[in-house]
Amino acid sequence: ALVLMATPDPTLMARLGAHAEATEKFGKNCSVTVDSVGEEYDADGKVTKTTRSSMRVTSRNGKQTRLLTKYEENGVDLTEKKRRELEAHEDKPMHSPFLPGEQAKYRFPQLGENRVGFEPLVKSPDVFIGEATIDAEAGVPRVITLQPAKLPAFVDSLSLMLTIDSPTPIGDTASKVTVKGVAGFLFIKKRFGIVTTFRDYEAVK
């Protein structure tokens, strides 16, 4: 028997696409404070390492500059020691499955009244599997859980959860990203978790 999978309303997909496009465009010319708490765990789940950092990230025409204001490792201030390394780091861009230019790479099953799944037609490290809880009235995904369709080398598991409720000039954007994973080589495995919050968004002219 042929089973037809329910798909989201095309008008909603267009609105989600417009929000994703506006968010990506805003991200190329904005400034935001990024606070992160990272933890590593042993096999029993006990915390073996904790890092805390805060930096101001400014993007102009997609080019990032970073100003580190705090970096602590297990309570020890290493701000100056880590400054050059962390300020030189550049994030790899991540493209929302809801972007108009990305939607053709996915199928979008309707999982519930306000839940939309996404799965790539072809798996690669640049596309994702997951689902979003949608605010249909606003045309905005409020929570997105996802994982890469193909994991990077030496990564056994990796999952992300984005919360989207931080007001900006273009509408709500990400306020928090939670990452959990296991990575390592052969018998040396590291379990880790990172919670990153974004605050004080400003448009950059």
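Predicted model: local features only at pLDDT ≥ 70, side-chain atom pairs only at ≥ 80, totals over all residues.

Student: Is Leu186 buried or exposed?

Tutor: The relative accessibility of Leu186 is 59%, so this residue counts as exposed, the cut-off for that class being over 50%. Leu186 also belongs to a nonpolar patch on the surface, together with Phe154, Phe185 and Phe187. The accessible area of these four residues together is about 560 Å².

Student: What pattern does the protein follow along the sequence?

Tutor: The pattern is α-β-β-β-β-α-β-β-β-β-β-β-β-β, that is, two helices and twelve strands.

Student: What radius of gyration does the protein have, and what would a compact globule have?

Tutor: For 205 residues, a compact globule would have a radius of gyration near 17 Å, and the 18 Å of the protein agrees with this. Along the principal axes, the C-alpha atoms fill a box of roughly 60 × 50 × 25 Å. Of the 205 residues, 36% are buried. The accessible surface comes to about 12,500 Å², and carbon and sulfur atoms account for 56% of it.

Student: How is a pair of aromatic rings described?

Tutor: Such a pair is described by the distance of the centres and the angle of the planes. In this structure the count comes to five aromatic pairs. One of them joins Phe98 and Phe108, which are stacked, with 5.6 Å from centre to centre and 25 degrees between the planes. This pair links distant parts of the chain, ten residues apart: Phe98 is in the loop between α2 (79–88) and β5 (106–107), and Phe108 is in the loop between β5 and β6 (110–112).

Student: Which arrangement do the rings of Phe98 and Phe118 have?

Tutor: Their centres are 5.9 Å apart and their planes stand at 80 degrees, so this pair is edge-to-face; the cut-off for that class is over 60 degrees. Here Phe98, in its loop between α2 and β5, is linked to Phe118 in strand β7 (residues 115–120), 20 residues apart. Phe98 and Phe108 are both buried, and Phe118 likewise counts as buried, at 1% relative accessibility. Phe98, Phe108 and Phe118 form one aromatic cluster with Tyr106.

Student: Where do Lys49 and Glu73 lie?

Tutor: Lys49 lies in strand β2 and Glu73 in strand β3 (residues 63–73), so their pair ties together parts 24 residues apart in sequence. The closest N and O atoms of this salt bridge are 3.9 Å apart.

Student: How many residues apart are Lys82 and Glu85?

Tutor: They are three residues apart, about one turn of the helix, and both lie in helix α2. Lys82 and Glu85 form a salt bridge, with the closest N and O atoms 3.5 Å apart.

How values were computed. Residues numbered from 1 in each chain as written. Heavy atoms only, no water. Phe/Tyr/Trp six-rings, centres within 6.5 Å; stacked < 30°, edge-to-face > 60°. Helix = DSSP H or I, 4+ residues; strand = E, 2+ residues; numbered from the N terminus. Buried < 20%, exposed > 50% of the residue type's maximum accessible area, 1.4 Å probe, protein only. Patch = residues over 30% accessible without salt bridge, like charges linked within 9 Å, V, L, I, M, F, W, Y side chains within 5 Å. Areas by Shrake-Rupley, 256 points an atom, 1.4 Å probe, with all protein chains shown as cover. Salt bridge = Lys/Arg side-chain N within 4 Å of Asp/Glu carboxyl O. Rg over C-alpha atoms; globule rule 2.2 N^0.38 Å.
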